[in-house]
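Dear colleague,

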Amino acid sequence: MTTTFSVHQMRAENCFAYLIVDPGTRDAALVDPRADRVVEYLHELEDRELRLRLVIETHTHADHLSGAAELRARTGAEIAMSARATSDVATRRLRDGDRVTLGRGTIEALESPGHTDDSLSLRADGTLFTGDALLIGGAGRTDFQNGSAEALYETLHKRLAGLPGDLTLYPAHDYAGRTHSTLAQERATNPLLRLTQRDQFVAALQTVEQPKPPNMDAIVSANVRGVRPSSRVTVGELADALAGPAAPLVIDVRLPAEYRAVHLEPSVLIPLDEIPRRHTELPHDRELVLVCRTGARARLAAAQLGEYPTRVLEGGLVAWQEAGRPVIEGKAHMSLERQVRVVAGTLACVGGVLAVAVSPWFGLLPAFVGAGLVYAGITDRCGMAMVLGKLPYNRRSDDTAGAGTCAAPVPAATCAASVVNVGADRKEHDERRRS
Ligand code: FE
C-alpha cells in the first residue's frame, strides 16, 4: 500500500486527537479535537506549515467539549460527522464507505455504532482510527447516547472483522498510558474481541454499571450546538471591572453548598445543571462573568450560553482567593470538598475492614474510591461531589450568605463571546510547551 499520510497523535489527559497530514500538499485533518486544546492545535498547524482542511468527529463526545466549531471558525475547515449525528455544526455528513479527500489521499468512513449510534471509524492508509468503538484492550461503553451492546458486537465482530490485521489502531481514549495497537494484536488479546459469542459479549458489557461522565448532558448539548470560544478575565481585570461603572454580572455556577461555603461578592448563583432551564433569567445588556472553583465548569457554562456575552474567570474562585480578594464565607455548612473527604475516607476504612473481616473482594472498594479521587484530581470533575451535591442538605439555598442569591436579574441578549487573541494564544502555547 502506498503511504500518503503521516499521523501525529496528541494526548490530553486520557483523550487522543490525531493530526493526519499529507506531507506532499501540506493538507491536514484533525480527528476528535478538544475545545481546551484548540490553541495548541493551531500552533501545531502553524509550526508544521499545514492547512487544516477537515475536522472529523468519530462521534458526539460526552466527556469533553469538542474544538470542532472553534477550529472551523478560525480556519474554515469542514466538519465531518456521521450522517446519524445530531449536530448543528457538521458541514459534511458521512455514511458507511464514504471517502473524503485529503491532499492526494482519501480517508474512508466506516460506520461503527455501539458506543453511540453515530460512531465512525476512519481508515487512512495503514491506520484505523476507531473512536470509542474499539479501545486498546477494551471497547467503548454502550449505556448512553443511544449506545447498544448488540450494535457494538456487530461492529467489532462483523464490520471490522474483514479488515487487515496489520492496520495500526488509534483509539480516542486510553486510560493506561498506551498509545496505539494493531488490529491483529487486539484480536489476539482484547477480551471483548475474544468473546465471539454474541450473548456473552452483550452480557459482559451490560453487567458493568458505571457512573455517567460528570456534566454529561451539558457537554453533549454544547457539542451538538457547537462550542464557541469563551474569553477569559483575570482576577485583577474582574476586580477593576466590578469597581467600574459598567460592572459585569458575576454568575457562580457551582453547587448551592459550595456557594454557601464561600463566594465572591457580588455574585448570583445559578448551578451549572440549572442553566438550560434558567438562562432566560440572564440579562442581555450586561456582560456576564462565569465563576466556579477553578474554571472548568464555568467554561462548560459559557459553552451553553453561546449567545450571551460571557467571560470566564481564569483560575476561578481559587485564584480569586489566592490573590487575597474578598469573599463571603458561610458558617455552619460543611463544604462539599470536606464532605467528599469524609465520605471517601469512610468508604475506604469500611472497605479495608470488610476486606480483612469478611472477604478480600471488599478491598476493591477503597481501590474504586482511590481511582475516583485520582480522576477528580486530574480532571477537576468529582463524581462523588456531583452525587453529594444533589442531596437535599446540599440543595438548600435559603441560607445564602451575603446579598448574592439564586435570584438572577431579568432577560436581555447579546453577542457571543469573542475569540482569544493570537498573542495570548502564542503565550499560552509556549507556556504549555515549556511545562
Ligand atoms: Fe465517547
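Which residue in β2 is the bridge partner of His 8? The partner is Leu 19. Please note that the model is a predicted one.

This bridge belongs to the pairing of strand β1 (residues 6-12) with β2, which is antiparallel and extends over seven bridges. Two residues lie between the strands of this hairpin, where Glu 13 adopts a positive phi near 55 degrees.

On to the next hairpin. Strand β3 (residues 27-31) pairs with β2, again in the antiparallel sense, over five bridges; here Val 21 has Ala 28 in β3 as its bridge partner. Four residues separate the strands of the hairpin of β2 and β3, and Arg 26 has a positive phi near 70 degrees. Strand β2 (residues 15-22) is largely enclosed by the rest of the structure, because seven of its eight residues are buried.

These strands form part of an open sheet of six strands, in the order β1-β2-β3-β4-β5-β6 and with mixed pairing. On average, and ignoring direction, neighbouring strands are turned by 25 degrees against each other.

Parallel pairing is found between strand β4 (residues 51-56) and strand β5 (residues 78-82), which are joined by three bridges. In this pair, Leu 54 has Glu 78 in β5 as its bridge partner. Helix α2 (residues 68-75) packs on the sheet and touches β3, β4 and β5; the direction of α2 makes about 155 degrees with that of β4.

Yours sincerely

Terms used: Residues are numbered from 1 along each chain as its sequence is written. This is a predicted model: local features need pLDDT of at least 70, side-chain atom pairs count only at pLDDT 80 or more; totals for chains, interfaces and linings use all residues. A residue is buried if 20 or more other C-beta atoms lie within 10 Å of its own, exposed if 12 or fewer, and partly exposed in between; C-beta atoms are placed from the backbone. Two strands pair if DSSP finds at least two bridges between them. Axes are lines fitted to C-alpha atoms, for helices over the stretch in contact, and angles run from 0 to 180 degrees between N-to-C directions. Two residues are in contact if their C-beta atoms, placed from the backbone, lie within 7 Å.
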